[in-house]
Amino acid sequence: MTVRFEELKKAADESWVGLHGQQAWIRVGSAICGEAAGSEEVIEALQGEVAKRGIKATVSIVGCLGPCYAEPLVDIITPGGSRVFYNNVTPELVPQIIEAHIANGQPDSQLAFAYEGDTAVEEVSPLYDLPMMKGQVRIAMRNAGNIDPFDINQYIANGGYAGLDRALTSMTPEEVLQEVKDSGLRGRGGAAFPTGVKWGFLVGSKSPVKYILCNCEEGDPGAFNDKGILESDPHTLIEGTIIAGYTTGASNGIVFIRHGHEGPIVKTQQAIKQAYEAGLLGKNILGTDFNFDIEVSLTGDSYVAGEETALMESIEGKRAMPRFRPPFPAAYGVWGKPSNINNIKTLAYVPEIVSKGGEWFSSIGYERSKGTAIICLSGHIQRPGMIEVPMGITINQVLYDIGGGPTPGHSLRMLQTGGPLGGVLSADKASTTLDYESMAAAGAILGSGGIIVADERTCAVNMARVLAAFCQFESCGKCFPCRLGTGHLVEVLERISRSESRPGDLELMKSVGTSMAASSLCGHGQLGYNPIQSALSYFEEDFRSHIVDGKCPTGQCSEPIIAPQRTRPHRWSAPAQGRAPLPAGRLALR
Amino acid sequence: MTTMDSDSLRTSSRQAIQDQEYPTKTVLSSLLSIEDALGWIPEESIEEVADFMKATINDVWAVASFYTNFRFAPPTPNTIEVCWGPSCHLVGAMGLAEKALDALGLENEGDTEDGAVTFKFNTCLGACSHAPVVAVNHKLKGQCSEDRLSELLTQIRNGS
């Protein structure tokens, strides 16, 4: 069956208009942030209340609008009215909101958080005047919080798959590649490699089967934007992946997600199914002779599985351990076929780049860092959440203008950016602009976009110890400098944090760290010393206080050290863990 | 969960492997399907996966022992997970872990003596904006205070 895009668009537009037609439309933020805040109970309460009153209303879930601190976030739009948002809604508040807004037709201005639309609501701010929303430029997150991730029509009605239609029907793969190159888009996973150039490598590999791998392993604590995009707008990834496939001549796409993250998994699977039904995946996409398939592949719990070659091992069902390079993925990737790996955020930009052109994208951003950065704010900050800002604004602007600054009564001391291996920055480095080069010059990375804010209650030794413990726990064990080195580093840091350090401990850590950097296959070992090195360079006084004065500068290190047991073989066989001993026949070859 | 005998474990494992919804079947996808169906990976499953995937028992154990989500003992009815990622650590995860371990009579990850509750650490539950996060039977509870944790533990104990 071939479907013309115009038909899909027409049906989608009709369904979108229908949602704004005769009855109220209630949307509830139900991404992982909403879920953690209790959105499930709120949805139940809303459905119960609407049914009880006999009100005709559509209750849908949406993804993450961004101000996670306001979750559960509910918004209501009535025919002809504005869309009004209510923050931190509890099941107890639901009857009051429904009574005022739908039964009486008067939004509850006491409970309302913001509005969007032509009809002003008294005493309530327009959504994009809120400090958290102002200054955001939403490209990858354009639909987040606005559309139901389970409904392909809502995506198409908001401009979705227009980029794919344009690429397939009026552009050659070379022209699409040129647009992506012109856009200046660089990988959002951490390495910041130009996407167009990377795609070019795959174009050059000749094979009937080639893969586009979409990496949503996202194990970085403090970053939840990949999962956020899949939970809010999975079709933007699907569209970006199909375009990547068309451009590079690939035949298959694989979306790689960690087992257990139900929200992103279910939404992505549903999106793929709908795309097949709409003729946007499979054979003869949109009536052209282009064929492309996408499937979801799950990994077990392992941080290193997010590394590009370990990811391929995991897709093949093996231990997620990095491979030697070369051969590089573009020549020899998953199942030995040419492969291209992109982060979810990177691919999520592609539909808009193709729709609006590379030049448009490159007009946003800063010097060599084009477009936007998707930042996750967490830690000691007033307004934690997921935001999208143009590259080139300062960390200070993000923290204070958008995030509202540190927790009231406290002052900014430390920033941990770009995932646990990204290291820490001191407060005075918050004037650094958010772009790849400036962040690197400051000794940090933009990485996956997580910014964890720590105030003056935080001791750098404590922070370094937690980050090192994370690296230790997640070392895959393939390269012994990383496997043993990370454990050694944690041991020394625990000594220091208990103020029981031995002479030469700092030099010892440095020498271990240098060996790890020189002789580990992947970034995990290569950057494993980075958190400690950066903590030492910015907060040497904390280490001195522990080592020389024998006390923690903030008192934070007096708390007990609890962490998962460190080496996997130990966890594996310890009877106290409730795990069975290895079976006697484990070494038997079949 | 009632304990299954060896034969039914074998049958259920085979069923789970065959019914898996993953289009590309691998050792890992088979193990994940069994974990979802049974809640753990018994020895019989390892042999079944090896048989189905034409792999060695060694290869299958290698994969099963690598990923930390797999259990090798029958599951308890309740699981409580405390996130110990840096975001949660900063806002009190250690206090929550200490409190939970105390209440459960445990020193680290594991099952309680009465087999009612499993305690686990998680490196990132993914809701960092609502730190500190705990998960009770895979349902996330954000901004969890120590008092809220006590309530949750009591609810688990009372079977609600």
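The model is predicted. Chain A is assigned four stretches: domain 1 (20–129), domain 2 (161–362), domain 3 (366–455) and domain 4 (460–558). Chain B is divided into domain 1 (6–66) and domain 2 (78–157). The contact between the chains draws on 63 residues from chain A and 50 residues from chain B.

- On the chain B side, α2 (27–38), α3 (43–53), α4 (57–66), α5 (86–90) and α6 (93–104) each supply at least two residues.
- Strands β2 (110–111) and β5 (139–141) of chain B also each supply at least two residues.
- The largest share of that side, 7 residues, comes from α4(B).
- By class, the side of chain B that touches chain A has 27 nonpolar, 18 polar and 5 charged residues.

**Domain placement**

- In chain B, the C-alpha centres of domain 1 and domain 2 lie 29 Å apart.
- In chain A, 31 Å separate the C-alpha centres of domain 1 and domain 3.
- Domain 1 of chain A puts 5 residues in contact with 5 residues of domain 3 of chain A.
- The domain 1 side of this contact has 4 nonpolar residues, 1 polar residue and no charged residues.

**Helix α3 of chain A**

- Helix α3(A) covers residues 39–53, which is 15 residues.
- From first C-alpha to last, α3(A) reaches 21 Å, close to the 21 Å expected at 1.5 Å a residue.
- The buried residues in α3(A) are A:S39, A:V42, A:I43, A:A45, A:L46, A:E49 and A:V50.
- Seen down the helix axis, the buried residues of α3(A) fall within an arc of 165°, so they line one face.
- An α-helix has 3.6 residues a turn, so residues three or four places apart point the same way.
- The face of α3(A) turned away from the buried side carries the exposed residues A:A51 and A:K52.
- The packing partners of the buried residues of α3(A) are strands β1 (24–29), β2 (57–62) and β3 (74–77) of chain A, together with helices α2 (32–37) and α4 (94–103) of chain A.
- A:G54 follows α3(A) and has a positive phi, near 65°.

- Strand β14(A), residues 412–417, is mostly covered, with 6 of its 6 residues buried.
- The bridge partner of A:L415 in β15(A) is A:L425.
- β14(A) and β15(A) form a hairpin, with 6 residues between them.
- In the turn of that hairpin, A:G418 has a positive phi of about 70°.

**A:L399**

- A:L399 lies in helix α15 of chain A, residues 395–402.
- A:L399 counts as buried because 23 other C-beta atoms lie within 10 Å, where the cut-off is 20 or more.
- Leaving out residues up to four places away in sequence, A:L399 touches A:I381, A:G405, A:L412, A:A430 and A:V453.
- A:L399 and A:T514 are 115 residues apart in sequence, and their C-alpha atoms are 33 Å apart in space.

Conventions
Residues are numbered from 1 along each chain as its sequence is written. Chains are lettered from A and ligands numbered from 1 in the order in which they are written. This is a predicted model: local features need pLDDT of at least 70, side-chain atom pairs count only at pLDDT 80 or more; totals for chains, interfaces and linings use all residues. Two residues are in contact if their C-beta atoms, placed from the backbone, lie within 7 Å. Helices (H or I, at least four residues) and strands (E, at least two) are DSSP runs, numbered from the N terminus. Ala, Val, Leu, Ile, Met, Phe, Trp, Tyr, Cys and Pro count as nonpolar, Asp, Glu, Lys and Arg as charged, and the others, Gly among them, as polar. Domain bounds come from an automatic or database domain assignment. The expected span of a helix is 1.5 Å times one less than its number of residues. A residue is buried if 20 or more other C-beta atoms lie within 10 Å of its own, exposed if 12 or fewer, and partly exposed in between; C-beta atoms are placed from the backbone. The arc is that of the directions from the helix axis to the C-beta atoms. Two strands pair if DSSP finds at least two bridges between them.
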